[in-house]
Amino acid sequence: MATAESMKFLEDIFQLMVQECLTKGSKQENKVVEFLPPEKLKDELDLIIFDKGTDYNALLDICKKIAHYSVKSNHPRHLSFFYSGFDAAGTAGAWLTDALNANIHNFEAAPVFIMIENFIIAELNKLVGFENGDGVFVPGSSFGNFLAIHLARFNLYKDVNKTGMFGLPRLCIFCSDEAHYSVMKAGPFLGFGSDSIIKIETFNGRMVPDALEQAISKCKGLGQVPLIVIATCGTTVTGGFDPLEEIANICERHNVWLHADAAWGGAVLYSQHHRRLIKGIERSNSVVWSLHKLMGAPIQCAVILVKQKGQLQACNSSKASYLFATDKFYDVSYDIGDKTVQCGRKVDCLKFWMLWKSRGHSGMANHVDTAFQNSKYVVEKLRNNDGFRLIQDEFDYLNICFWYIPLRLQGKVENEQWWKEIGKVAPVVKEKTTKDGMVAISYQPLENRKLVNFLRIVTHPHATQSDFDYIIEQIDKHGKHL
């Protein structure tokens, strides 16, 4: 119940969010994170719940600590992950969504939100090029990848939802050796087993079509069934885009479902300059796209789009009469919740609609183009800076990956021991910059290419050239004498 005391508490929390999280959290002179190791952080937070409840004043004090020690993802130097920045309209949409607390399963529960979700799905299908498409918001693109595999199986074996996979031949799932790890998780989760996931060779992060063709032919030769090819549009580490046109040709020849994992790279569809990277996506059967990544909607905000209307409904509908009765007093095609395997479903469409409505089409395009301009700047900056070495000559997207070479290793013979020492640098630089708190970057190895640990910057559009200059200076400062 809304009381004067509870409303005052919410007003105080609102001020905390605006001042501490959003305003101070986005200023360059402030830290990205006030880092504490887990045990110390546990001591700082009053996590224990007692028999008697805690009053609002005490809760407010705890919330201040939560804000203080949390990562400020809207900070312009928070460049370690694919989500970063702050959009006022999108945040307002998230707040309004939570205030209304709707469950978006049928029209009577969420009439306004269903109209908005249907509109957004239709607009995104236009961008992809699906003329008779459909879709639904999902809790992340990993879940969307699971749904795509589920759809592909149902498309090939219409009785599988009833009879299960008993008696079916082994069904093979193909993806690149740099595909998102959710594909590997889908194998056991959906009952295929991880042995059914066939990883295809890549070159500079892009799937090699000839290797895919050979793998599918081998699958058939063993009496197995090629089910789905998952093409990645923007790989997690290097940002590579699989060649969709060539992959689509192969899938059509072999009657294989083509799914485009555009969780990260789907944003290029807004840009006339860069959508060439995703040419051929209209030939896929399904697409996932995380709108909370480059486009900057508050987490989480993701969709699965399918080429043919009715496929989601046919595959996932359970016709639960307590939610999806067919004799209602309105058009029941607006009861969209039966298109997914979820029942309870959070409203994720409003924040993205408000973001897009606020920016307009040109604003969305400029957002993407600015990120690419930043990418070009960082690549050139690193190329011309002693101690930095790119892991490859060019990058398709916004993931800029590089090694830092300390003074003691510069100009030395680059043998196995030298590379072993280089592999130790990135984790230490990451540790030092995190504890310092002024920048957020990431590191990783790339096992399929036998590359030792390297650093990675994601060139988000809200960061400026001075931000990138500062980050490069900090890496040099913390790494030079290692």
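**Entry 1: Leu 455**

I looked up the contacts of Leu 455, taking contact as heavy atoms within 4.5 Å. Setting aside neighbours within four places in sequence, I find Leu 455 in contact with Ile 400, Cys 401, Phe 402, Tyr 404, Ala 426, Val 429, Ile 441, Ser 442, Tyr 443 and Ile 475. Before going on, I note that this is a predicted model, in which local features need pLDDT of at least 70, side-chain atom pairs count only at pLDDT 80 or more, and totals for chains, interfaces and linings use all residues. Residues are numbered from 1 along each chain as its sequence is written, and side-chain values use heavy atoms, with hydrogens and water left out.

Is Leu 455 buried or exposed? Leu 455 counts as buried because its relative accessibility is 1%; buried means under 20% relative accessible area, exposed over 50%, and partly exposed in between, with a 1.4 Å probe and protein chains only. I place Leu 455 in strand S13. Helices (H or I, at least four residues) and strands (E, at least two) are DSSP runs, numbered from the N terminus.

**Entry 2**

I traced an open sheet of four strands, in the order S10-S11-S13-S12, with antiparallel pairing. Its edge strands are S10 (388–390) and S12 (442–446), each of which pairs on one side only. From one strand to the next the twist averages 45°. Helix H14 (residues 416–436) packs on this sheet, touching S10, S11, S12 and S13 (451–458), and its direction makes about 35° with that of S13. For such angles, axes are lines fitted to C-alpha atoms, for helices over the stretch in contact, and the angles run from 0 to 180 degrees between N-to-C directions.

Two strands pair if DSSP finds at least two bridges between them. S10 and S11 (residues 399–404) pair in the antiparallel sense over three bridges. I see Arg 389 standing opposite Trp 403 in S11.

**Entry 3: the sheet with S9**

I then went to an open sheet of seven strands, with mixed pairing and the order S1-S9-S8-S7-S6-S2-S3. S1 and S3 (197–200) are the edge strands, each pairing on one side only. The twist here averages 20° from one strand to the next.

How many residues of S9 (residues 302–306) are buried? Five of its five are. Both faces are covered: Ala 302, Ile 304 and Val 306 lie on one side, Val 303 and Leu 305 on the other, and all are buried.

S9 pairs with S1 (residues 134–138) in the antiparallel sense over five bridges, and Val 136 stands opposite Ile 304. S8 (residues 286–290) is also joined to S9 by five bridges and runs antiparallel to it; there Trp 289 has Val 303 as its bridge partner. By contrast, S6 (residues 225–232) and S7 (residues 257–261) pair in the parallel sense over five bridges, with Ala 231 partnered by Ala 260 in S7. Helix H5 (residues 111–128) lies across S1, S8 and S9, and runs at about 115° to S1.

**Entry 4: Tyr 83**

Last, I looked up Tyr 83, in the loop between helix H3 (56–69) and helix H4 (88–100). Tyr 83 counts as partly exposed because its relative accessibility is 30%.
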